[in-house]
Amino acid sequence: MNRILLEQMLQKMRSFLKEGKNIGDLKVGALYALGNQLDAVYYFVGHELGSTMESGRETIDDTSVLIETLKKFSEKYHLGNMIIDEYNDEHITFDLEDCPTCKDIDVPSTEISQGFCSFEAGLFAGLVEKITGKHCFAQELECRLQKKSKNCKFMIVIPND
Ligand SMILES: [Zn+2]
């Protein structure tokens, strides 16, 4: 548990409540500060959502076609702007500009040990799984809130079995 981060979230909540602002994202932040098992829960929920968002598509094998499909999808559902870093048959790494989970949260002044956006990781994994028909997984490599990069960075792994 990250006590300093939790305190920052609580402090923000107090001032947001005073100003009559929504504290939804801060509540999520506070839960993250309390423990990291939530990562898995958010990933799971994202995955469930991603794998049920679009149905009746033909299976896509070509990675560049897959990427174009994902970009259109992100636009349609406002999942952030995908900036492709690199890809091959087995993985795609990309930056997500305006990541829905953390875009409204200020970068904390204290260092956080892990990424914040496992929901998006699960969501993209679920989507790619649905589109390719392959069992996939995804990971947030760097989170904007960890100050390492301007955007959150993700990797989707598509095992060729
Ligand atoms: Zn993030």
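Analyst: **The zinc site and its setting**

In this predicted model, E140 is buried, with a relative accessible area of 9%. The cut-off behind that word is a relative accessible area under 20%.

The zinc ion has as its protein donors C117 through SG, E140 through OE, and C143 and C152 through SG. These donors lie 2.1 to 2.3 Å from the ion. The angles subtended by the 4 donor atoms run from 97 to 118°, which makes the arrangement around the zinc ion tetrahedral. The reasoning rests on a cut-off: four donors count as tetrahedral if all angles lie between 85 and 135 degrees. For comparison, the ideal angle for four tetrahedral donors is 109.5 degrees.

Along the chain, the donors of the zinc ion are spaced as C-x22-E-x2-C-x8-C. E140 is part of strand β3 (residues 137-142), and C152 is part of strand β4 (residues 152-157), so this pair ties together parts that lie 12 residues apart in sequence.

The setting of the site is the protein fold. The protein has 5 helices and 4 strands. Read from the N terminus, the order of elements is α-α-α-α-β-β-α-β-β. With a radius of gyration of 16 Å, close to the 15 Å given by the globule rule for 161 residues, the protein is as compact as a globular protein of that length. Along the principal axes, the C-alpha atoms fill a box of roughly 50 × 25 × 25 Å. Of the 161 residues, 47% are buried. Among contacts with a separation of 6 or more, 61% involve residues 24 or more positions apart. The accessible surface amounts to about 8900 Å², and carbon and sulfur atoms account for 51% of it.

Most residues other than glycine have a negative phi. H78, although not a glycine, has a positive phi of about 55°. H78 is located in the loop between α4 (63-76) and β1 (81-87), and it is exposed, with a relative accessible area of 67%. D98 is likewise not a glycine, and its phi is positive at about 60°. D98 is found in the loop between β2 (91-97) and α5 (118-132).

Methods
Residues are numbered from 1 along each chain as its sequence is written. This is a predicted model: local features need pLDDT of at least 70, side-chain atom pairs count only at pLDDT 80 or more; totals for chains, interfaces and linings use all residues. Side-chain values use heavy atoms; hydrogens and water are left out. Donors are N, O and S atoms within 2.8 Å of the metal (3.2 Å for Na, K and Ca); water is not among the atoms, so sites may look incomplete. Four donors count as tetrahedral if all angles lie between 85 and 135 degrees; four count as square planar and six as octahedral if opposite donors are over 155 degrees apart and all others between 65 and 115; anything else is irregular. Helices (H or I, at least four residues) and strands (E, at least two) are DSSP runs, numbered from the N terminus. Buried means under 20% relative accessible area, exposed over 50%, partly exposed in between (1.4 Å probe, protein chains only). The radius of gyration is taken over C-alpha atoms; the globule rule is 2.2 Å times the number of residues to the power 0.38. Contact means heavy atoms within 4.5 Å. Accessible areas come from the Shrake-Rupley method with a 1.4 Å probe; for residues, only the protein chains shown count as cover.
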